[in-house]
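I opened my notebook for a friendly walk through this one. Here is what I looked up, entry by entry.

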Amino acid sequence: MPSFRFAHPMEVRYADLDAQRHVNNVAVFSYMETARAHYLQHLGLWDGRDFDSIGIIVGEASCRYLAPISYGQRIEVAVAVTHLGRKSVTVEYAVRDVPSGEELATGRTILVTYDYRSNQSIAVPETWRKTIEDFEAGKGS
């Protein structure tokens, strides 16, 4: 399990529930996506506005559901980059109950660094690599 230096609180919305009265599996992917965006903003890698400049596209996504998530439950999504490849970034997540710290779900995405203007994958920018490595090593933000 990675060591998480960043976590984003999430609100469980009524719209996230399914017929079984717990958070639907699709909503958990949305939680991870939202936390990932906040992680990138926290590190100064994305301004939250220019979607062409973010330079990533999801190549793979998975989630392991460990316990149901209920409406009104206080949760957070922890985010850590666990691998920087030549053209990809592996991000791991832990969806946790805030009061108890219990893990409710874990996930992983492999993000491909991408130039939307030329429609092709690109090398992970060196500025991203240094910023992420420094943050994950405890040297920044």
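**Overall size.** For 141 residues a compact globule would come near 14 Å, and the protein has 15 Å, which agrees. I also noted the box that the C-alpha atoms fill along the principal axes, roughly 45 × 35 × 25 Å.

**Ground rules.** I am reading a predicted model, so local features need pLDDT of at least 70 and side-chain atom pairs count only at pLDDT 80 or more, while totals for chains, interfaces and linings use all residues. Residues are numbered from 1 along each chain as its sequence is written, and side-chain values use heavy atoms, with hydrogens and water left out.

**Fold.** I took helices (H or I, at least four residues) and strands (E, at least two) as DSSP runs, numbered from the N terminus. I found two helices and six strands. Along the sequence they come in the pattern β-α-β-β-β-β-β-α.

**Packing and surface.** For contacts I used heavy atoms within 4.5 Å. Of the contacts with a separation of 6 or more, 64% are between residues 24 or more positions apart. I called a residue buried under 20% relative accessible area, exposed over 50% and partly exposed in between (1.4 Å probe, protein chains only). On that scale 40% of the 141 residues are buried.

**Salt bridges.** My criterion was a side-chain nitrogen of Lys or Arg within 4 Å of a carboxyl oxygen of Asp or Glu.

- E60 pairs with R108, with the closest N and O atoms 2.5 Å apart. This pair links distant parts of the chain, 48 residues apart: E60 sits in strand β2 (residues 56-65) and R108 in strand β5 (residues 103-115). E60 is partly exposed at 37% relative accessibility, and R108 is partly exposed at 31%.
- D134 pairs with K130 at 2.7 Å between the closest N and O atoms. Both lie in helix α2 (residues 126-136), four residues apart, about one turn of the helix. D134 is partly exposed, at 21% relative accessibility.
- D47 pairs with R49, the closest N and O atoms being 4.0 Å apart. D47 is partly exposed at 39%, whereas R49 is exposed at 63%.

**A strand residue.** Is T90 buried or exposed? I have it as buried, because its relative accessibility is 8%. T90 belongs to strand β4 (residues 88-97). Leaving aside neighbours within four places in sequence, T90 contacts A80, V81, T82, H83, R108, T109 and I110.

Most residues other than glycine have a negative phi, so I flagged the exceptions. R21, not a glycine, has a positive phi of about 70°. R21 lies in the loop between β1 (6-11) and α1 (25-42) and is exposed at 67%. N119 has a positive phi too, near 55°. N119 is in the loop between β5 and β6 (120-121) and is exposed, with a relative accessible area of 55%.

Conventions. Rg over C-alpha atoms; globule rule 2.2 N^0.38 Å.
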